[in-house]
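Welcome! Take a moment to look over the sequence and the 3D picture, and then let us walk through them together.

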Amino acid sequence: MAGVGTVKQEPHRPGAFKQPNKQHKTGRHRSKGSLERDSRGRVSVKVISKKLRKNLRKHDRRHKANQIRQQKREAVLTEKRILGSKEGPPHLVGVIVLHSGTSAHHVLRLIQSDVTSSVYSHDESGERFGLVCPRFKQRFHFIRVNAGDIHAVLDLAKVADTLMFVLDPYEGWDSYGDFCLSCLFAQGLTSHVFVVQGINDLPVKKRTDVKKNLSKMLEKRFLDAKPFHLDTEQEVALVIRHIAMQKQRHIAFRDRRSYLLAQQVAFEASDKSGLVGTLKVSGYVRGQALNVNRLVHVVGHGDFQMGQIDGPPDPMPLNPKPTKKKEDMEDPCAEMEEDLKVLMKADSRKQESLESEVVPDPMEGEQTWPTDEELQEAEDALKGSRKIVRRLPKGTSDYQAAWILDDEEEIDEEEGSDDDMEEDELMGEAVSQASDESDGEEEAGEECETMTVPESIRDDHYDEKIDEEEERVMLEKYKQERMDEMFPDEVDTPKDVAARVRFQKYRGLKSFRTSPWDPKENLPRDYARIFQFQNFTRTKKRIFNEIEEEEEGAMPGWYVTVHICNVPVSVMESLKPEIPLVLFTMLPHEQKMSVIHFLLRRHLTNAEPIKSKEEMVFHCGCRRFRAPPLYSQHTAANKFKYERFLHSNATVVGTVYGPITFPPASVLMFKQRANGMHDLIATGSVLKVDPDRVVVKRITLSGHPFKIMTKTSVVRYMFFNREDVLWFKPVELRTKWGRRGHIKEPLGTHGHMKCLFDGQLKSQDTVLMNLYKRVFPKWAYDPYVPIPVAWEKPESNVNVQEIEMD
């Protein structure tokens, strides 16, 4: 019987039409499951050290955003409620008149006429008074300054909570009012309100047109501004309600400091001579807490230390206590002394020092000035050593290293400004002669014409007021500025002095952008007196964080008396009722001197030529001082080109020696004329504090092609002797039409040289050589800038201030 065999089934094999499913791909990274299986609960060290970031769901993210929004809203409402209430300082309102034909006296008198409010007068003129409004449960402090003193207006705007601008019903503001608004915008405009008087006195048909004109004028500068009428007590109540309820605008530089407007000032001499003493300033603390160990800055007078802080009774309480009868008050002075409390006294261990400069040690100088004996020894050593061809150095670095001459001591040092004067005089000789001839013809023509005009007497008086010396200097400035625009940095090589001697401080650079320049090389003596941060940004961040956490001191809203030590008596003598005295506490290190840079832009209303290193008046944050700025370009590089003039339509960097100021802080630059007038030149902000910022001055020597070959050319008039050609041989040449080249060899003894270029020159082309040297600002910082007392209205409508300086 044959056996039965079993048939083995083969597995199913898919056909060609089977649907292929996509494989799961995790991308270029591993999946979460694989990572969890490999780690088995272990956590990396980097994950533990970082802050725990939770991936919130959509609902949680929305809830968190609502919480943040609610917290910010509550903070704004709390600030609005505290200001002017019992717990906070009175609402400080500065009254500024923007038109010369309008007076603020009627406005202040109408505000004081409110029957339901209590008025606390602080002076006899009635321009400083306190107002307590029980129906609003708030208190206000009104102060008016002379609109002619722009520095007093800016000082008041630094501390005011609200600015009340008084307008003219017909013109709104005049040219000087527009000038004040420009300055306030540049410094930082706080909350404001516009009031106008006399609308109701106009005819009914003209009121609508007058209101429309005022609204159109306000829309040019303020989008949401609305003028308030101030003719009746009901309108006064509306204005005060608007001031109390409007949103407060913040100014960055004062939010991180404690500041105070003086309401009462007293001086106690500390020695027999009476020249120095203690200044007692009373007022309400605003901003941050007032720490007695900090330094205080009196605007326009300098930095001082505080001795102690007293807490006298509030002179303007919101809810006054019932006063005792006169027969019960035996000694009112004794009662005031009992109410006076000493809040804080300065601790010598914690008090900041007034040290503003480093006292240089003559024995500890890395860059010592060589003596005559050392120079003679070096010269003898060079003569005794092997011969080195110094006229033909190898490479740019060797050329830069061997730049100083042996007879350097026989040549007097020249300041950057002197170089500018000589160079510009050489360049502007021809133009000045032509301009003098044309000016002479024009003046002669004017004299012939004015003989027939009946108003010639008035013209004669006009000529008497013109300062001929000032006119001559201004004309020379205009010529220099025009030459600098037409031929930037071009300088004529002198014939009587060798070029290697005249330009011994300059060097050549292969590339202005990429060539290195050591910021610690050949520093002036003034750099031994300044301070420098290792990391300015990190220090600023640390100080700002410490301020937010600091709670020690007199809290905002307290009425205190600050004892300022070692104040000269001149500060007390300069105080006037119409000039506000403002105090600001300073952040750590802000009393120290360093090199500070401002980002400036020319103001549109001023077109006068401004030369570098001219003395200017600065409003920098809470400070006011004088200093001569050095202008340079604002670019993203490690070297910055020096600018001889402050040009329009360009953002430049102004560099001065000044006290450290942490940004953000606004900057206003004014120029004082010989007759006392102040012009707004530029506005901007603090850029940084950095002594290592390299500002490089460039000069350009020009030559003309004499003979042109294929790629070589003979150039003349750049130098006038053979030694200069050999000395400047390593420096690269360029032309105005974009060719590049270098000096190949000198020809003859009159300065002709054969040059090799990357292409054939044109006959009308000009050969140029760029030389560079580092420049530094002048040490001329002056912190004492008093505010002038009187101001007279100028005859013409110009945006300037006429003042009388001491």
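How many residues does helix 16 have, and how far does helix 16 reach from its first C-alpha to its last?

## A helix to start with

Helix 16 covers residues 468-486, which makes 19 residues, and its end-to-end reach is 27 Å. That is close to the expected 27 Å, where the expected span is 1.5 Å times one less than the number of residues. Helices (H or I, at least four residues) and strands (E, at least two) are DSSP runs, numbered from the N terminus.

Among the buried residues of helix 16 are Met474, Lys477 and Gln480. Buried means under 20% relative accessible area, while exposed means over 50% and partly exposed lies in between (1.4 Å probe, protein chains only).

Residues are numbered from 1 along each chain as its sequence is written, and side-chain values use heavy atoms, leaving out hydrogens and water.

The protein chain has a mean pLDDT (the predictor's confidence in each residue, from 0 to 100) of 79, and 79% of its residues reach 70 or more. Over residues 325-337, pLDDT stays under 50, and the stretch 789-806 also stays under 50. Where pLDDT is low, the predicted coordinates should not be read in detail.

## The whole chain

The protein chain holds 20 helices and 32 strands. Of its 806 residues, 44% count as buried.

## Inside the core

A nonpolar core is a set of buried Ala, Val, Leu, Ile, Met, Phe, Trp, Tyr and Cys residues joined through side-chain atoms within 4.5 Å. The largest one has 76 residues, and those touching the most other members include Phe165, Leu184, Phe598 and Phe618. Leaving aside neighbours within four places in sequence, leucine 184 is in contact (heavy atoms within 4.5 Å) with residues including Ile96, Val153 and Phe165.

## Rings that pair up

Rings of Phe, Tyr and Trp (its six-membered ring) pair if their centres lie within 6.5 Å; planes under 30 degrees apart count as stacked, over 60 as edge-to-face and the rest as tilted. By this rule there are 22 aromatic pairs. Tyrosine 527 and tyrosine 657 are edge-to-face, at 6.3 Å centre to centre and 80 degrees between the planes.

Phenylalanine 598 and phenylalanine 618 form a tilted pair, 5.3 Å centre to centre with 45 degrees between the planes. Phenylalanine 598 sits in strand 18 and phenylalanine 618 in strand 19, 20 residues apart.
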